[in-house]
Amino acid sequence: MTAPASQATPMMAQYLAIKREAGDCLLFYRMGDFYELFFDDAAKAAATLDIALTKRGQHLGEDIPMCGVPIHAADTYLARLIRAGHRVAIAEQIEDPAEAKKRGSKAVVARAIVRIVTPGTLTEETLLDARSFNHLAAVAQVGEAVGLAWCDVSTGVLHLMALAGDALDAELARIAAAEVIAPEDGPGPADAVRLPRERFESGRGAKRLCELFGVSTLDAFGAVGRAEAAAAGALLDYLEETGKQSLPRLQRPLVHAAGDAMLIDAATRASLELCKSAAGTRAGSLLDAIDRTVTGAGARLLGEDLAAPLTDPATIGARLDAVGWFADDAIARMRTRDALKRAPDLERALGRLAVGRGGPRDLAMIRDGLQATIDLKAALLATPTVDLPPLLTATLAAIGAHGADIDALARALVPEPPIEAANGGFIASGYDAALDELRAAASDGRRLIAALEARYRDATGIAALKIRHNNVLGYHVEVTAARADPLMRADSGFIHRQTLAGVVRFGSAELGELAAKIAHAHDHALAAEAEHFARLRQGVLDRAAAIQSTAAALARLDVASGLADLAAQAGWSRPHVDASCDFAIAGGRHPVVEAALAKQREPFVANDCNLSPATRLWLVTGPNMAGKSTFLRQNALIAVLAQAGSFVPAAAARIGVVDKLFSRVGASDNLAQGRSTFMVEMVETAAILNQASERSLVILDEVGRGTSTYDGLAIAWAVLEAVHDGLACRCLFATHYHELTRLAERLDRLTLVAVKVREWKGDLVFLHEVAAGAADRSYGLAVARLAGLPSPVLARAGEVLAKLEAGKAKTGGLAAALDDLPLFQAAAPPPAPKTDPLRERLAEIRPDDLTPRAALDLLYELRELGARGD
């Protein structure tokens with residue numbers, strides 16, 4: 001709801017002008033100790049926050065809807081609004097109310113938007129998950145090239161990447177950005193913030209990057225193409241817009257190549273529950289199961305490593321060497337983890353200081369974090385063990401000399417500073433003699449106030465008289481209403497200030513003079529502390545690059561020691577990762593399921609898997625609940641862990657680098673996109689067949705379910721052949737179509753395995769062991785009995801099954817006619833689809849471009865095509 005400013009009160013005119021600037025953002029409009037929202041913003045916020053929607057005055061003859069949140073709790077409400085998908089503009093008072101009064105009694109205090117809060121631009125500790133990155137990403141397309149730029153504003157780390165268009169969804173799934181910006185008509189997710197295309201101009205983006213980092217060419221960063229420059233330019237624009245012309249402190253961009261990490265699409269990440277469980281939470285995911293980090297930065301780096309497993313065996317080996325060193329030296333591991341527990345989050349404290357949202361406590365976090373790092377480095381270098389592996393040596397070398405930084409902050413700050421600088425009290429006594437004198441003056445003034453209070457009591461005979469202070473009246477004398485009459489007399493020396501229920505408040509000339517002296521000393525003390533804070537903050541920012549390097553080193557030490565702790569306690573082994581196409585796992589286990597069983601004191605049954613070139617395709621059969629899906633997933637997770645640089649839950653593992661990982665295990669409806677379970681399954685299977693290479697690892701579970709038996713079997717048969725002959729990749733293929741086992745006679749790289757079960761006194765016992773061979777049947781009725789199906793239903797199902805099996809014996813079964821079918825590569829190509837000239841011509845028509853004459857000619861043409869019937 002808007003209106004011309006001329007028809008609004010001065011305050012409402014100001015609000016409406018600022019609201020026009022805020023656009024579709026909710027506007028937090030500062031009113032004293034509250035942020036207030038009006039009109040539609042108020043209705044949306046009240047519904048989201050579950051707070052009262054009230055009214056405040058009228059506008060154009062109608063009541064103005066209003067709600068508000070207190071300043072001291074604003075972060076809590078902001079977090080809820082952001083999680084609900086809103087963007088919030090913060091309009092602050094930018095002048096002192098006293099200055100506004102000088103312009104007239106009805107003058108409105110000046111206000112302006114100082115920041116726009118969006119999901120991808122958060123920095124406040126209360127709004128962020130300390131153990132997860134909060135990425136803002138930008139997507140741009142230049143010709144056929146797609147560029148991706150992303151950063152975490154809270155840490156200042158900036159990334160650039162060029163990729164093929166069909167890999168965009170997978171990369172966005174890896175980054176898991178809180179917010180994505182994209183051009184209005186360009187690629188990007190459905191929920192992306194769409195901006196005008198001119199903001200994604202590559203030349204402009206390249207210029208902005210060069211200016212920001214003080215270089216003359218993008219070659220200083222590596223191979224940066226036009227698409228990445230365009231994405232980066234739009235990202236910087238958006239950060240500047242939301243920060244109101246203020247950019248966060250960003251590190252020099254890290255340029256990634258598309259093949260540096262294992263490609264894992266969104267469906268596979270969801271299927272394997274890498275960083276989030278099926279419930280959408282961290283709990284229950286692989287990341288949650290392996291996370292032994294003790295710092296927020298370490299947890300964030302572990303999540304990044306797990307989301308982007310490496311593809312270079314040498315780099316993977318370097319990470320494994322670091323984990324192995326800590327695993328072999330329990331004392332060094334324990335000391336490292338104890339030291340890390342004392343280290344605050346340097347990255348995010350520095351990030352808040354860089355964007356002007358930090359306070360004295362952030363300076364103390366820098367002080368304490370740097371001290372913990374120096375102590376840890378000295379302890380590790382003094383460890384009386386074998387030489388440090390290269391990655392640990394390089395990590396410790398990245399920790400600079402911070403003695404001067406620590407000394408400056410230690411001398412200036414009290415041990416436990418407050419969060420905010422506004423109220424002072426964070427500069428240590430003895431650091432600034434002039435500040436100490438101002439504090440003493442203020443403290444002495446408070447002593448004189450107490451003496452004056454005692455004197456007033458004696459002079460008036462009012463024992464309950466008190467001198468109090470508030471933000472409205474300042475210092476004042478307060479007495480009960482019953483004892484106020486003597487002080488109301490003109491010759492009493494007291495000046496009436498305020499009458500409330502039960503008390504009356506007064507001032508006096510002497511109290512006013514004393515209060516002015518106290519305020520003068522207090523204000524000057526606050527100003528002196530503010531100057532010290534600004535100087536200390538700038539000193540930290542001047543050393544930001546070195547501090548960021550130290551923070552990154554701490555995170556790497558945390559990840560390596562945490563993974564080593566997990567390996568030592570859980571009995572994980574070091575995998576051998578090389579450039580071959582091997583995949584041999586001895587005694588593999590599912591890390592999440594094993595951890596869950598351990599809590600119940602139940603063992604996990606380990607299994608081997610060998611997908612090396614001669615046996616690269618395993619066809620897994622067995623009943624439901626026997627453990628087929630767990631077996632499939634655990635081998636995929638072992639590959640992810642190994643290439644992320646972690647030890648693995650197996651007795652031994654030899655893995656040739658996996659370039660792409662695909663998992664189609666389980667499916668559900670996608671009603672938002674109008675897709676049934678079967679359609680979702682087919683889309684995911686198509687993506688695998690179109691994108692996998694011979695270096696890929698594919699796990700497929702029950703392809704072909706969700707449609708008729710014949711259709712399902714036909715699809716599963718064709719997919720299995722295509723994987724064997726066309727993709728020639730490593731694959732685990734689980735199925736209930738036992739007819740597929742016939743293909744073992746014709747596909748030389750196909751191996752049959754089954755999950756073993758036993759029937760005992762009419763009950764089905766799951767052994768969870770994978771052995772060579774094929775399951776003899778599906779045991780569907782036995783599983784149904786375990787599920788609690790009623791006995792009459794089970795009995796009837798048994799009768800129907802007997803009839804079906806009798807018919808199958810007579811006909812030879814579903815696949816009886818497939819024995820003579822040519823294999824996938826030998827099959828005749830499908831016939832070319834029949835063309836329909838009439839439909840093709842109709843599809844070419846653009847009605848908006850036709851003149852009347854052209855439309856008439858077109859009708860004759862279409863009639864002739866229809867008459868020919870070809």
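A: Happy to. A residue is called buried here when its relative accessible area is under 20%. Please keep in mind that this is a predicted model.

Let's begin with helix α13, which spans residues 346-354 and is mostly covered, with 9 of its 9 residues buried. The buried residues are L346, E347, R348, A349, L350, G351, R352, L353 and A354, so by the under 20% cut-off each of them counts as buried. The elements covering the buried residues of α13 include strand β8 (145-152) along with helices α10 (296-307), α14 (360-381), α19 (509-542) and α20. Just after α13, G356 takes a positive phi of about 80°.

The largest nonpolar core has 105 residues, and I290, I366 and W618 touch the most other members. Helix α20 (residues 544-570) gives the most to this core, with 13 residues. If you click on I290, you'll find that it touches L302, L306, L563, L566, W572 and L641, leaving out residues up to four places away in sequence. There is also a second, separate core of 31 residues, and A138, V153, A230 and L235 are among them.

R199 sits in the loop between β11 (193-195) and α6 (202-213). It counts as buried because its relative accessibility is 18%. The side chains of R199 and E241 are joined by a polar contact of 2.8 Å.

Definitions and conventions. Residues numbered from 1 in each chain as written. Predicted model: local features only at pLDDT ≥ 70, side-chain atom pairs only at ≥ 80, totals over all residues. Heavy atoms only, no water. Core = buried A, V, L, I, M, F, W, Y, C linked by side-chain atoms within 4.5 Å. Buried < 20%, exposed > 50% of the residue type's maximum accessible area, 1.4 Å probe, protein only. Helix = DSSP H or I, 4+ residues; strand = E, 2+ residues; numbered from the N terminus. Contact = heavy atoms within 4.5 Å. Polar contact = N/O pair within 3.5 Å; in protein donor to acceptor, adjacent residues only side chain to side chain.
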